[in-house]
Amino acid sequence: MVPQLTDAFARKFYYLRLSITDVCNFRCTYCLPDGYKPGGVTNKSFLSLDEIRRVTRAFAAMGTEKVRLTGGEPSLRRDFTDIIAAVAENEAIRHIAVTSNGYRMARDIARWREAGLTAINVSVDSLDARQFHAITGQDKFTQVMAGIDAAFEAGFERVKVNTVLMRNVNHHQLDTFLHWIKSRPIQLRFIELMETGEGSALFHKHHISGTVIRDALLQRGWIHQLRGRSDGPAQVFTHPDYIGQIGLIMPYEKDFCASCNRLRVSSVGNLHLCLFGNGGIPLRDLLAYDEQQTELQARIASALSHKKQTHFLHDGDTGITQNLSWIGG
């Protein structure tokens, strides 16, 4: 029987979020408003293909069923398709997902799927092209929409779309989003704006609770679905009149962390027990050779004893996360 990663609070971890770069070509207001600056994490190089292969092999041996490749923008890696294929070598990993800004999807999504990608998340914070440009700093709305169409053409049955919920920016556009997903198999996920070290002022100006959206959905007959053990943190809602779904990620809600099932490895090989934790556990020294797997797994398992019961966002403590590209939000 495969050993299972479990912490001191009996939470089991089936899901690894693996950042492969902190570089991003978008300048989203809530993440990198001034654009990417080299050295944001460290001056070290990002994990190599072999290092990625070894770390995912270790997690797979410890019960991980799902790996999400994150960034920054993962597709900026020239070897991104090879990375997907390397993760897919692990038969125990049944789900390989990526979170992307979508600007290269129309060109590359078919190759990603052929390499083993099973799920795609695309960031779309507005369905208005001008507002999309204002939020992201890139006039790429048409290309991103074409990428979502290409994902369906490549055989993905559902595409997840991430929308950061912001007061007086897009929180009042629920009807527009619902119209968009009515006949499309899209799970639109509203993500509460989270405070980061560099984004405190924007957070206090634009944060709004996801309960505003949840209350509106329940009033309109949407139904809350049960969550699978390797699913992300979203509360998912369905409606009989809609092909699409709505997800809500509300990290400020009471007991949000009680169902945590995911761990994070940064693009330079540090294990992070929480997106908003105060430090990382280095793994890279144990990623040089295949023969280090036993020691690598022991360090990962040992680190879990230090995982806190909850984050401290309610207290304004954002840990070391200066922006969401650092670890892979």
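Two strands pair if DSSP finds at least two bridges between them.

Some ground rules come first. This is a predicted model, where local features need pLDDT of at least 70 and side-chain atom pairs count only at pLDDT 80 or more, while totals for chains, interfaces and linings use all residues. Residues are numbered from 1 along each chain as its sequence is written, and side-chain values use heavy atoms, leaving out hydrogens and water.

**The sheet**

- Twelve strands make up an open sheet with mixed pairing, in the order β7-β8-β9-β6-β5-β4-β3-β2-β1-β10-β11-β12.
- At the edges you'll find β7 (223-224) and β12 (281-282); each has a single partner strand, so one side of each is left without a neighbour in the sheet.
- β7 runs antiparallel to β8 (residues 235-238), joined by two bridges, and Ile223 has Thr238 in β8 as its bridge partner.
- Helix α6 packs on the sheet and touches β5, β6 (186-192) and β9 (245-249); contact means heavy atoms within 4.5 Å.
- The direction of α6 makes about 155° with that of β6, where axes are lines fitted to C-alpha atoms (for helices, over the stretch in contact) and angles run from 0 to 180 degrees between N-to-C directions.

**Around β3**

- Strand β3 (residues 95-100) is mostly covered, with five of its six residues buried; buried means under 20% relative accessible area, exposed over 50%, and partly exposed in between (1.4 Å probe, protein chains only).
- β2 and β3 run parallel and share four bridges; Lys66 has His95 in β3 as its bridge partner.
- β3 also pairs in the parallel sense with β4 (residues 119-123), again over four bridges.
- β2, α2 and β3 form a right-handed β-α-β unit: with the strands pointing away from the viewer, the path from the first strand over the helix to the second runs clockwise.
- The chain then goes from β3 through α3 (residues 105-115) to β4, and this β-α-β crossover is right-handed too.

**Helix α1**

- α1 (residues 49-61) has 13 residues and reaches 18 Å from its first C-alpha to its last, close to the 18 Å expected at 1.5 Å a residue; the expected span is 1.5 Å times one less than the number of residues.
- Its buried residues are Glu51, Ile52, Arg53, Arg54, Val55, Thr56, Ala58, Phe59 and Ala60.
- Their cover includes β1 (15-19), α2 (80-88), β10 (262-265), β11 (270-272) and α9 (293-303).
- Glu51 counts as buried because its relative accessibility is 12%; leaving aside residues up to four places away in sequence, Glu51 touches Phe46, Arg284 and Leu287.
- Just after α1, Gly63 takes a positive phi of about 105°.

- Most residues other than glycine have a negative phi, and most peptide bonds are trans.
- Ala10, in the segment before β1, has a positive phi near 65° and counts as exposed at 62% relative accessibility.
- Asn168 has a positive phi near 60°; Asn168 sits in the loop between β5 (159-165) and α6 (174-181) and is exposed, with a relative accessible area of 59%.
- A cis peptide bond with omega about 25° joins Gly71 and Gly72, and Gly72 is in the loop between β2 (66-70) and α2.
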